[in-house]
Amino acid sequence: MASTAGLSAPIKGASLGAGWLVPFRLPSSWVKPWSDFVSKVDHDNAMPEVVQDPAEVRDESGRESFTASLLIQGQHRFYTLSMPSDVLAESCMVEPRYRDPAEGFQRALDERRARDIATYIDSGTGTIPSSIVLSAQPEAELQYNRPNRTLSFKRMSRAFLILDGQHRVYGFRLATSKLRVPVVIYNGLSRTEEARLFMDINTKQRPVPNELILDIKRMAETESNSEALMREVFDAFNNQGESPLFGLMSPFERKKGKISRVTFNGALKPILDTFVGASSDEVYAVLSAYLRSCLGGLRQNEVSDLITNPTMFKALLILFPAVAEKVADRHGLSFTLENFDEVLAPMFERVRRADLVD
């Protein structure tokens, strides 16, 4: 973090230049064919031409054929192959639960998420290597030629039910770029078996923690300015020995009794407008004095450990702009520990311990 001339030590707060403190501002189902949902999206960047599968054939009866491998895992048999994204999009369907309570088991489509995927693909740098998981429907008339290792099916809008990847498939359809997509196809499944596979896929995979995603955004060069500021302030509270939160932060994962990056950012983001034009050093210095004063009040009520409670931490930061405004009215822009104590002490004296615990 850049140094800031004229700042007092973080424990004692900071005296900042005039104009720094500003007023606080708190901040369809698609069981039908894909083409029924999609309007053309114009993109400037085109992806490289897709390499055709030598076994790819479309005969006069409308059947598609692709090179495929048959795999067996336990009691399940399925085929792995790659398929052009346009063929995939035109051959798939989903059955959301809200449209068909008796037979449907999938979630509703989030079109914004699908459009984000399309934009990512058309950017020219996007890559989505994970397989789309499908269940062949009887109408597809799926056939596997073992000697030739080819899988053929009748190209139609309800040939396959998507078990995993509905947003990716919709994104492929929205994208102007065509690409080959890895696909896994099950055949001969009952609706019960399809529902069980859907549950397994969506409950046994553990997503990457949001805390880790936030922590590596700088490495991936995808941080916004506000995210960079919040990261630097978090790191200061985590790393500086005089920090009131030293030893109470968890940068990479959610831990009991620790303040994670997700909790910290969620609490700080709504009040960022209070710090317009301030550096991360300045934000840290003022918040350090403020939180040290808050800890004193909590300690007075014998509940200092509540500082790491996500609800309490967010409540304290939401309170900050009002407290800072009172400090500014009395002492100008001198945000020291003593000045924060002057405003906060009466409040903590009036609060009962039971109220804080509840």
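**Figure 1. Salt bridges in the predicted model.** A search of the whole structure, which is a predicted model, finds 9 salt bridges. One of them joins the side chains of Glu64 and Arg155, with an N to O distance of 2.6 Å. Glu64 belongs to strand E3 (residues 63–73), while Arg155 sits in the loop between strand E8 (150–154) and strand E9 (160–164), so the pair ties together parts that are 91 residues apart in sequence. Side chains of opposite charge can pair when their charged atoms come close.

**Figure 2. Surroundings of Glu64.** Glu64 has a relative accessible area of 3% and is buried, because buried means under 20%. The partner shown is Arg155, whose side chain meets that of Glu64 in a salt bridge.

Figure 3. In helix H4 (residues 191–203), Arg191 and Glu194 are 3 residues apart, which means a separation of about one helical turn. Their side chains form a salt bridge at 2.6 Å, N to O. Glu194 is buried, at a relative accessible area of 2%, whereas Arg191 counts as partly exposed, at 24% relative accessibility.

**Figure 4. The salt bridge between Arg168 and Asp164.** The side chains of Arg168 and Asp164 meet at 3.1 Å, N to O, in a salt bridge. Arg168 counts as buried, with 13% relative accessibility. Asp164 counts as buried too, at 17% relative accessibility. Both values fall below the limit used here, since buried means under 20% relative accessible area.

**Figure 5. Strand E9 and its neighbours.** Of the 5 residues of E9, 5 are buried, so the strand is largely enclosed by the rest of the structure. Strand E5 (residues 92–93) pairs with E9 in the parallel sense, over 2 bridges. In this view Met93 stands opposite Leu161 of E9. Strand E6 (residues 132–136) runs antiparallel to E9, and 4 bridges join E6 to E9. Ala136 has Phe160 in E9 as its bridge partner.

Technical notes: Residues are numbered from 1 along each chain as its sequence is written. This is a predicted model: local features need pLDDT of at least 70, side-chain atom pairs count only at pLDDT 80 or more; totals for chains, interfaces and linings use all residues. Side-chain values use heavy atoms; hydrogens and water are left out. A salt bridge is a side-chain nitrogen of Lys or Arg within 4 Å of a carboxyl oxygen of Asp or Glu. Buried means under 20% relative accessible area, exposed over 50%, partly exposed in between (1.4 Å probe, protein chains only). Two strands pair if DSSP finds at least two bridges between them.
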